[in-house]
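Please consult the sequence and the structure shown here while reading.

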Amino acid sequence: MFKYDPPSELLKDRVILITGAGDGIGKACALSCAAHGATVVLVGRTLAKLEAVYDEIEAAGHPQPAICPLNLETASEKDYDDLAGQLFDTFGRLDGLVHNAAQLGPRTHLDSVKSEAWMQLMQVNVNAPFMLTRAMMPLLRAAPDASVIFVSSSVGRKGRAYWGPYAVSKFAIEGMMQVLADEQDGTTQVRVNSLNPGATRTAMRKKAYPAEPPETNPEPHEIMPAFLYLLGPDSRTINGQALDAQ
Ligand code: NDP
């Protein structure tokens with residue numbers, strides 16, 4: 001497990017947007033960031049799940065979050081620009097952006113993947129993070145010390161049979177991370193890195209490995225030290241790195 005002992009007020013006064021914040025790793029990330037003082041912007045497609053996370057954060061007495069329902073499969077350029085406009089009016093900047101939401105898609109030989117399934121997965125896993133990053137860049141540049149995290153996977157660093165468009169999409173976000181990081185290097189206060197959570201007990205893991213006993217893997221909250229490290233000031237000099245949460 002990534003070793004980092006975050007101070008309780010690590011993310012005080014930071015505004016952090018997390019996609020797929022209603023479930024799994026994204027939910028744990030939202031709860032953990034809020035518990036360390038951040039105002040979290042909860043982005044996801046299922047309003048009821050986002051509301052449950054909102055309620056949990058409020059009940060714990062952490063900074064009041066914001067809810068932004070957005071389906072990354074259908075969101076348009078205008079939706080991303082509108083979101084950036086709302087965040088600019090409310091906060092004036094963005095200190096953290098966590099591209100967490102993703103779909104697993106078909107796990108089969110690449111040559112039997114239907115074009116429609118390929119396009120759908122690329123829309124959520126690759127095109128949406130691109131459009132969201134582009135819309136958020138002015139807000140990230142307005143923050144004194146902003147951090148972008150692309151949540152990756154081991155199959156986005158070494159290809160593996162039958163992992164289909166999911167693996168290809170994770171290679172694409174690793175590439176997006178490297179290009180963006182190199183562009184920011186020495187020119188802005190924004191750092192960009194990727195983080196592989198490793199096997200984690202979520203709905204996606206269960207779908208990928210239905211026969212695996214869930215207790216084999218850590219729960220999402222257990223892998224949060226790496227996320228907190230990358231979102232807080234201690235990682236200020238880390239840019240363009242592919243890190244592992246476990
Ligand atoms: P889950 O399936 O548990 O959660 C995925 C989240 O993404 C959900 O909140 C889901 O929303 C959201 N999401 C999916 N599609 C869309 C969409 N079209 N628009 C908006 N939100 C959407 O997955 P994990 O928590 O396991 O995965 C989180 C990240 O970690 C992913 O990037 C995944 O690839 C990566 N990862 C996970 C591993 C694991 O073992 N769990 C291992 C390696 C990488 P909703 O709840 O509404 O469906």
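Are Asp145 and Arg191 buried or exposed? In this predicted model, both Asp145 and Arg191 are buried.

## Salt bridges

Across the whole structure, 12 salt bridges are found. One of them joins Asp145 to Arg191, with 2.4 Å between the closest N and O atoms. Asp145 is placed in the loop between H4 and E5, whereas Arg191 belongs to strand E6 (residues 190–196), so this pair ties together parts that are 46 residues apart in sequence. The two residues also take part in a network of salt bridges that links Arg14, Asp145, Arg191 and Arg236.

A salt bridge is also formed by Arg157 and Glu174, whose closest N and O atoms are 2.7 Å apart. Because Arg157 lies in the loop between E5 and H5 and Glu174 in helix H5, the pair connects parts 17 residues apart in sequence.

Arg134 is partly exposed at 41% relative accessibility, and Glu77 is partly exposed at 48%.

## Aromatic pairs

The structure holds four aromatic pairs. In the pair of Tyr4 and Tyr229, the ring centres are 5.2 Å apart and the planes stand at 65 degrees; the arrangement is edge-to-face because that angle is over 60 degrees. Tyr4 lies in the segment before strand E1 (15–19) and Tyr229 in helix H7 (residues 224–231), so that distant parts of the chain, 225 residues apart, are linked. Tyr4 and Tyr229 are both buried. Ring pairs join these two residues and Phe2 into a cluster.

Trp163 and Tyr209 form a tilted pair, with 6.1 Å from centre to centre and 45 degrees between the planes. Trp163 is in the loop between strand E5 (146–151) and helix H5 (164–184), and Tyr209 is in the loop between helix H6 (203–208) and H7, so the pair ties together parts 46 residues apart in sequence. Trp163 is buried, with a relative accessible area of 8%; Tyr209, at 28%, is partly exposed.

## Surface charge

Glu51, Asp55, Glu56 and Glu58 form a patch of negative charge on the surface. Glu51 is located in helix H2 (residues 47–59) and is partly exposed, with 38% relative accessibility.

How values were computed: Residues are numbered from 1 along each chain as its sequence is written. This is a predicted model: local features need pLDDT of at least 70, side-chain atom pairs count only at pLDDT 80 or more; totals for chains, interfaces and linings use all residues. Side-chain values use heavy atoms; hydrogens and water are left out. Patches are made of residues with over 30% relative accessible area and no salt bridge: like charges are joined within 9 Å, nonpolar side chains (Val, Leu, Ile, Met, Phe, Trp, Tyr) within 5 Å. Accessible areas come from the Shrake-Rupley method with a 1.4 Å probe; for residues, only the protein chains shown count as cover. A salt bridge is a side-chain nitrogen of Lys or Arg within 4 Å of a carboxyl oxygen of Asp or Glu. Lys and Arg count as positive and Asp and Glu as negative; His and the chain ends are not counted. The place of a charge is taken as NZ of Lys, CZ of Arg, CG of Asp or CD of Glu. Helices (H or I, at least four residues) and strands (E, at least two) are DSSP runs, numbered from the N terminus. Buried means under 20% relative accessible area, exposed over 50%, partly exposed in between (1.4 Å probe, protein chains only). Rings of Phe, Tyr and Trp (its six-membered ring) pair if their centres lie within 6.5 Å; planes under 30 degrees apart count as stacked, over 60 as edge-to-face and the rest as tilted.
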